[in-house]
Amino acid sequence: MAVVAILVVAGKEQELVIGVITGLGYSLVALGLVLVHKASGVFNFAQAEFGTVALFAMYLCRVNGVPYVPAALVALAVAVGFGLLVERFVVRPLYDAPRVTLLVATAGVALLSIGVAFWFNDAQGRTVSPAIEGNAPGSVLGILISWQRVLVVLVVVAVCLGLAAFFRTTAGLAVLAASQEPTATELVGIPVRRVSTVVWSLAALLGGAAGLLAGPFEPFGPGAMTAKFLIPAFTAAVIGGMGSMSGAVLGGMIVGVGQALGASGSLLPASVPGGGAVVTFLLLAGILAVRPEGLVRSA
Amino acid sequence: MRALPRVVLLALLAAVVLGAPALVPGRSVDLSLAPIYAVIGLSLNVLIGYAGTISLGHQAFVGIGAFTAAFVVGQHGEPFLLGVAVAAALGAIQAAVLGGLALRIGGLYFALVTLAYGVLAQDSLFGIEALTGGGAGARAPRPVGYTAYYYVCLAFLVGVLYLDHRLRRSKAGRALDALRENPRVAASFGVDATAYTLLGFAVAGLFAGIGGALLAHRDEVVDPSGFGFPLALLFVLMTVVGGLRSRTGIVLGSSLFALLKLLVEELPGVERALVRWDLTLPIAALVVGSVLVRHTGRARVGGGVLAGVAVLVLSPLTVPLVEGQLGKVPALTPERASGVIGPLLLLLVLTRLPGGIGQLVRPVQVWLAGGPMRWSAPAVREVVVSDVRA
């Protein structure tokens, strides 16, 4: 609250509001990262690429005249399919491999996906139209909000509620159990590898949703989501200690506002560009060096 | 007389390396990328292979070298060699600073930090106009002609190889080995973890600085947009595919990736094969088939081969079917090929061939050194990137 008050007094409402909403997009990717990390200890460098794949699927559907909602569903299905492929052909063969190998392997998946996207497309930017054009009525702190941003907030809230509910179901409990004690979980009869499948498809769904939500804000090309979302999302997850879902959401907002402030040029001299990247790096390195367990107690 | 075949093979190798500009005339610019990438691969090998820390921001290491060289030579008109020296020194210093951070943040998390560092360098550091010329790029004039520059790069590669050899054979090399295996045990034996980790980083930064400077003078214009995240991944890729801790493997792996475009363009038939699905599909089926085989299940190898043969046999039937669609599928041009083939090779190496190219060429290496030719040389079991502390 105090931070909000300071920013409002300093005349940074724009950065605050837009930063929080952009940050919620990071949170969505970060939630996928935390989910996968909790379940299998893997740093999934292909997480943001699920979003790019979904975006390209969406673009193809829309160009061919499919209405928004079916196109979005197809895109999400494509993202989940991609996630399942990754799980089956990369993660499962490396089930017993060290986690670093998996890190490099998922990075390889991201690179492959970008390579294939370049093969079938050119580097030129594409655009998808938002679900609803224009601005929402009313304003927050005097800042106009587009419908697309409202949608981002609504989806993140829905995802949080959905995940909270999921972890109360049997399947959700199985995921938690498998993450804490894989061997014991196997012993009580829970198929740990199927849990892995569930987790990866969920993570791909979250990544895909993040891609669809972020798509209309800027033109995108191959690897767009990896370039723009991967590091902020990891920073957000690290702020939550790589284990806390609520921490990841909070972390996303912190990164989003931090980047908006950094990019607005109030932190660096005018001759130094890239304030957003500087803030992200400082946040990431700072949290890891000073408080590696994250800002939020892991649940 | 027994030495004769070895001498012939060595002479052939030397002839190919030294005579490459004559073999593919007019491509010296592309050729000189091979020794440059090899230097960068050796630099990353010091971090991943020796020190056991993964770096996903190596494009920043290289970029700092490139922009330093451009600044010293292009803006201040100093000689080329001074530019390389300053680039190497600055590369070592920035790497050592990052190494200080690595001492505190270990394993997977450090990989994240290096990733963010790379983006920071590209977005911010390389965009400072006074130092780097901003988006327009910095000029770095090439000191000699294209072909001569290839030999200059080769000379630097030989120097770096020698330094790497000395590092491995010295007390520092053994200390890094011990620290990688188990930092606590090493420390209890009196190995100074701080000093040797920093040394490892400094050497990696030194090599990367040299590589960056050479790259800058090869391209003649250094531009921040050339140092993105995919480049860092490519560096990791070529080092892992080459085979960690195998100098020969890394030189070969790096050269392969550096020359991929050239190879696709110059080798007869390759470019055509990539656009011809009836040729490419069986190969893809073979690759996928062999990936599916994790624990050398021979039945499944057979399955992969069968699938390949089946596709090949059926291709007269299937090709007309896809022919109409073929026009819609863009050709896999040399530029696009490396983006697809590279990661596939990486995944293949990680799941199937942990030792990389280095392991493949090991028997030949042993034989060249005067040993017996044994194709069943002990294989690397564990994927070698596992050495990273995590």
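Buried area is the accessible area, taken with a 1.4 Å probe, that two parts lose on being put together, summed over both. Keep that in mind for the first stop. What you have open is a predicted model, where local features need pLDDT of at least 70, side-chain atom pairs count only at pLDDT 80 or more, and totals for chains, interfaces and linings use all residues. Residues are numbered from 1 along each chain as its sequence is written, chains are lettered from A in the order in which they are written, and side-chain values use heavy atoms, leaving out hydrogens and water.

**Stop one: where the chains meet**

Colour chains A and B separately. Between them they bury about 4000 Å², with 84% of it on carbon and sulfur atoms. Now select Leu111(A), Trp119(A) and Phe281(A): in chain A these lose the most area to chain B, together 18% of what that side buries. Counting contacts (heavy atoms within 4.5 Å), 43 residues of chain A touch 48 residues of chain B.

**Stop two: rings**

Rings of Phe, Tyr and Trp (its six-membered ring) pair if their centres lie within 6.5 Å; planes under 30 degrees apart are stacked, over 60 edge-to-face, and the rest tilted. Over all chains, the whole structure has 18 aromatic pairs. Zoom in on Phe281(A) and Tyr117(B): the ring centres are 5.9 Å apart and the planes at 50 degrees, so this pair is tilted. Phe281(A) sits in helix H12 (residues 275-290) of chain A and Tyr117(B) in helix H5 (residues 107-123) of chain B, so the pair joins two chains. Helices here are DSSP runs (H or I, at least four residues), numbered from the N terminus. Are these two residues buried or exposed? Both Phe281(A) and Tyr117(B) are buried, meaning under 20% relative accessible area, while exposed is over 50% and partly exposed in between (1.4 Å probe, protein chains only).

Next, show Phe126(B) and Phe227(B). Their ring centres are 5.7 Å apart with planes at 70 degrees, so the pair is edge-to-face. It links parts of the chain 101 residues apart, and both residues are buried.

**Stop three: helix H8 of chain B**

Select residues 171-181 of chain B. Among the buried residues of this helix, H8, are Ala172(B), Leu176(B) and Leu179(B). Look down the axis: the buried residues fall within an arc of 160 degrees, so they line one face of the helix; the arc is that of directions from the helix axis to the C-beta atoms. On the other side of H8(B), Lys171(B), Arg174(B) and Glu181(B) are exposed.
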